[in-house]
Amino acid sequence: MAGTHGRDPLSKETAMPHFDAQFRALLSPNLAAAEIEQIPDLTTERARVLIDRIDRVRLFGHAYALLTNLTYGAYGPDDVLDFAREHDLAGICIHVLDGEERSLSRMNDDQLRAFAARAHGYGLALHLEISTTEREPVDEAVRIAGILGVQHIRVYSRYEGQLSQVLSRIEDDLRRLGDLADTHGLHFSFEQHEELRSGEIARLLRTVGHPRLHVMFDFGNMINAYERPMDALAQLAPHILQAHLKGVHVLPEGDGFGHRGVLQGSPEDDLPGARMLFDLLMLGDDEPQVITFALEQENLYYAPAFRHHSEGDDPFIPYRELSTTDLPEGWTLRDLLAAEPGWAVDQVVHVRGQLARMRELAAARLAAADTLAGAR
């Protein structure tokens with residue numbers, strides 16, 4: 001990891017205070033005071049790494065950003081490809097069920113091959129997602145991946161029971177996923193999905209110890225597991241291969257927290273999005289560790305608190321349905337269908353704006369260092 005925390009600079013050179021102040025201001029929104037103190041100085045070496053990572057970043061479209069149109073409108077997987085191509089993204093993350101009767105799960109082999117050819121013609125990578133680790137749907141996703149030429153599949157568990165029992169079942173599933181990954185040349189990314197805590201997931205991955213099993217880090221799902229975003233990122237950092245970017249408004253619920261999806265970067269967004277983006281960019285030593293930054297705008301989505309402050313050592317984990325965004329009060333379906341694509345564009349603009357500002361500061365820092373060196 002290319003040093004993202006504290007005041008241990010990547011070079012012997014002292015960072016320039018005015019650049020540090022601007023950099024800290026950029027990364028500090030929605031951080032606690034102690035977390036702001038941990039923002040690193042913008043040294044010349046850190047600036048060089050940051051510029052390289054931004055220039056190589058792979059932004060993906062995410063089908064969930066268009067889910068209402070995929071579920072209740074006329075969109076299908078091809079429309080997700082078209083969105084990614086229109087906005088010059090590197091690929092898409094798409095659930096095998098997105099699009100209902102038009103989904104990848106309903107396509108025959110020829111239709112799947114045609115979809116893969118369309119993506120290839122656009123120069124777009126394909127990553128699949130499913131919402132389980134159970135045998136039959138995993139096997140079907142692996143079959144679809146083989147036809148599409150996909151190497152990356154996102155999974156998460158939805159088991160009900162005492163936490164210890166749930167973790168034991170997931171461990172068994174992860175061992176099987178590792179075997180499938182070896183057999184089919186795949187990588188599986190396990191998402192922290194609102195009910196498991198980051199330390200629990202990290203321990204599972206360390207226990208299984210398979211090099212093709214990773215983490216899909218979601219910007220907001222740790223809220224429902226009674227975790228702070230930066231704590232969750234720190235615990236999962238060694239395992240993160242992909243990330244879901246989004247905005248979240250935190251909702252206190254008893255001695256826990258639910259969340260509502262909001263436009264990323266809006267005044268309602270309670271997440272330290274800029275800091276998380278920076279830390280994810282800087283993961284990895286010689287090469288970027290995070291290969292996919294998926295733009296998963298989830299405006300109006302709601303998820304309740306799953307974990308609580310007062311829970312015991314082995315709490316009961318309730319069953320959860322597949323994630324979906326219900327029609328909010330005061331909205332018509334027609335209005336929601338019309339608004340959703342614009343929200344997806346808003347996120348593309350916001351994230352690219354954050355990346356551009358980070359790169360601008362890093363480039364200015366290097367230019368100032370060169371000027372100073374030339375004057376000596």
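How many bridges join β9 and strand β10 (residues 256-262), and in which sense do the two pair? They pair in the antiparallel sense over seven bridges; two strands count as paired if DSSP finds at least two bridges between them. In this pairing, P252 stands opposite F257 in β10.

The model is predicted, with local features needing pLDDT of at least 70 and side-chain atom pairs counting only at pLDDT 80 or more, while totals for chains, interfaces and linings use all residues. Residues are numbered from 1 along each chain as its sequence is written, and side-chain values use heavy atoms, with hydrogens and water left out.

β9 and β10 belong to an open, antiparallel sheet of three strands in the order β9-β10-β12. Strands of a sheet pair through backbone hydrogen bonds. β9 (247-253) and β12 (302-303) each have a single partner strand and stand at the edges, so one side of each lacks a neighbour in the sheet.

Over the whole chain, the secondary structure consists of twelve helices and 13 strands (DSSP runs numbered from the N terminus: helices are H or I, at least four residues, and strands are E, at least two). The radius of gyration (over C-alpha atoms) is 21 Å, close to the 21 Å from the globule rule for 376 residues, so the chain is as compact as a globular protein of that length; the rule is 2.2 Å times the number of residues to the power 0.38. The C-alpha atoms fill a box of roughly 70 × 50 × 50 Å along the principal axes.
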